[in-house]
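Please take a moment to look at the sequence and the model before reading on. The paragraphs below go from the overall picture to single residues.

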Amino acid sequence: MAEERYYKHDGVERFTHWTHVVDTILLILSGIQIHYPGFSIFGSMLTARFVHLVSGYLFLFLGILHVYFFFALGKYGIAMPAVSDLGEIGPVLRYYLFIDTTKPDYAKYNVLQKFAYAALFVVSFLQAVLGFALYWPVALAPVLSLFGGAVSVRIWHTTIMWVFLSFTAVHLYLVLSEDLRLTKAMWDGYYYRKIADKGGR
Ligand code: HEM
Ligand code: HEM
């Protein structure tokens, strides 16, 4: 079947995606050094904490920017999971589990992507709140006590880091096993969709 090239990811999506990726890598590497001091990734602990804090502020800034554009540009209609999407779960799961070989038809993101991205947003928000509670233990004391104190918050914060790493592993497997042009589209914006042939002309 013939294909046509179309503009899939606008500049905001591509910018926030890749800056978030670099920033998340810095947060994970510095976070690992803070929690497991045996891993001297950035040399001194002071440097690791500095990197973590600067990338933590960037994480917050990018998060606010992303949410702003999500609503200002009406992206919620495309990426927010809805009850009407639920019927798509069966066919998409059958495709992911190799039961069906034909990819089901869906708009920009399939229902499982929508749920995964929404869950990642909630987890990111929680991670930022816990991170800032560790940074401002007095101002955010209620958050610390809600989660059982500073030691417990550090354990939560580290556990959530493992959630991020797990999401990233599955995400990478899914996008890279699909079609490498999908990743290229996240870089230059353009992807391809099938169109019906017009009688071979
Ligand atoms: C807004 C975002 C964030 C802020 C403000 C923040 C802040 C902090 C602070 C203040 C600490 C304690 C540092 C210390 O003890 O000197 C910390 C530790 C840590 N952070 Fe974050 N963080 C953020 C996001 C993240 C993310 C996204 C990850 C990983 C995906 C992460 C992973 C860790 C880990 C593993 C630790 C070590 C926990 C410990 O044993 O104390 N952080 N963070
Ligand atoms: C080198 C690593 C990565 C590659 C190659 C990659 C690739 C992609 C691709 C191709 C898409 C579009 C999927 C589609 O159109 O169906 C996408 C979307 C997305 N990715 Fe990644 N990704 C990477 C790392 C990450 C990481 C580390 C995170 C977060 C922890 C992440 C979060 C997301 C989210 C939330 C979306 C939804 C679109 C949006 O940004 O609004 N990605 N990624």
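Helices (DSSP runs of H or I with at least four residues) and strands (DSSP runs of E with at least two) are numbered here from the N terminus. Counted in this way, the protein has eight helices and two strands, and their order from the N terminus is β-α-α-α-α-α-α-α-α-β. The model is a predicted one, in which local features need pLDDT of at least 70 and side-chain atom pairs count only at pLDDT 80 or more, whereas totals for chains, interfaces and linings use all residues, and side-chain values rest on heavy atoms, with hydrogens and water left out. Residues are numbered from 1 along each chain as its sequence is written, while chains are lettered from A and ligands numbered from 1 in the order in which they are written.

The C-alpha trace of the protein spans about 70 × 35 × 35 Å along its principal axes. A residue is called buried if its relative accessible area is under 20%, exposed if this is over 50%, and partly exposed in between, with a 1.4 Å probe and with protein chains only. By that rule, 28% of the 201 residues of the protein are buried. The protein exposes about 12,800 Å², and carbon and sulfur atoms supply 72% of this area, which is computed by the Shrake-Rupley method with a 1.4 Å probe, where for residues only the protein chains shown count as cover. If contact is taken to mean heavy atoms within 4.5 Å, then 61% of the contacts in the protein with a separation of 6 or more are made by residues 24 or more positions apart.

Which residues hold the iron atoms of the two ligands? Donors are the N, O and S atoms within 2.8 Å of the metal (3.2 Å for Na, K and Ca), and because water is not among the atoms, sites may look incomplete. The iron atom of ligand 1 is coordinated at 2.0 Å by His52 and His157, through the NE2 atom of each. Histidine 52 belongs to helix 2 (residues 45–72) and histidine 157 to helix 7 (residues 150–178), so this pair ties together parts that are 105 residues apart in sequence. Both histidine 52 and histidine 157 are buried. Six donors count as octahedral if opposite donors are over 155 degrees apart and all others between 65 and 115, and the site of the iron atom of ligand 1, with angles of 84 to 178° among its six donor atoms, is octahedral.

The iron atom of ligand 2 is coordinated, at 2.0 Å, by His17 (NE2) and His171 (NE2). Because histidine 17 lies in helix 1 (residues 11–35) and histidine 171 in helix 7, this pair ties together parts that are 154 residues apart in sequence. Around the iron atom of ligand 2 the six donor atoms subtend angles of 86 to 179°, which makes this arrangement octahedral as well. For comparison, the ideal angles at a metal with six octahedral donors are 90 or 180 degrees. Histidine 17 is partly exposed, since its relative accessible area is 22%.

Helix 1 also contains histidine 20, which counts as buried because its relative accessibility is 17%. Apart from neighbours within four places in sequence, histidine 20 is in contact with Phe59, Leu62, Gly63 and His66. Glutamate 13 is another residue found in helix 1, and at 12% relative accessibility glutamate 13 counts as buried. When residues up to four places away in sequence are not counted, glutamate 13 touches Lys8, Lys75, Lys108 and Tyr109.

Phenylalanine 98 lies in the loop between helix 4 (89–96) and helix 5 (111–135), and although phenylalanine 98 is not a glycine, its phi is positive, at about 65°. With 66% relative accessibility, phenylalanine 98 counts as exposed. Tyrosine 135 lies in helix 5 and is partly exposed, at 36% relative accessibility; leaving out residues up to four places away in sequence, tyrosine 135 touches Leu53 and Tyr57. Arginine 181, in helix 8 (residues 180–188), is partly exposed with a relative accessible area of 30%. Not counting residues up to four places away in sequence, arginine 181 touches Glu3, Tyr190, Tyr191 and Tyr192, and the C-alpha atoms of arginine 181 and tyrosine 192, eleven residues apart in sequence, are 8.2 Å apart in space.

Technical notes
Four donors count as tetrahedral if all angles lie between 85 and 135 degrees; four count as square planar and six as octahedral if opposite donors are over 155 degrees apart and all others between 65 and 115; anything else is irregular.
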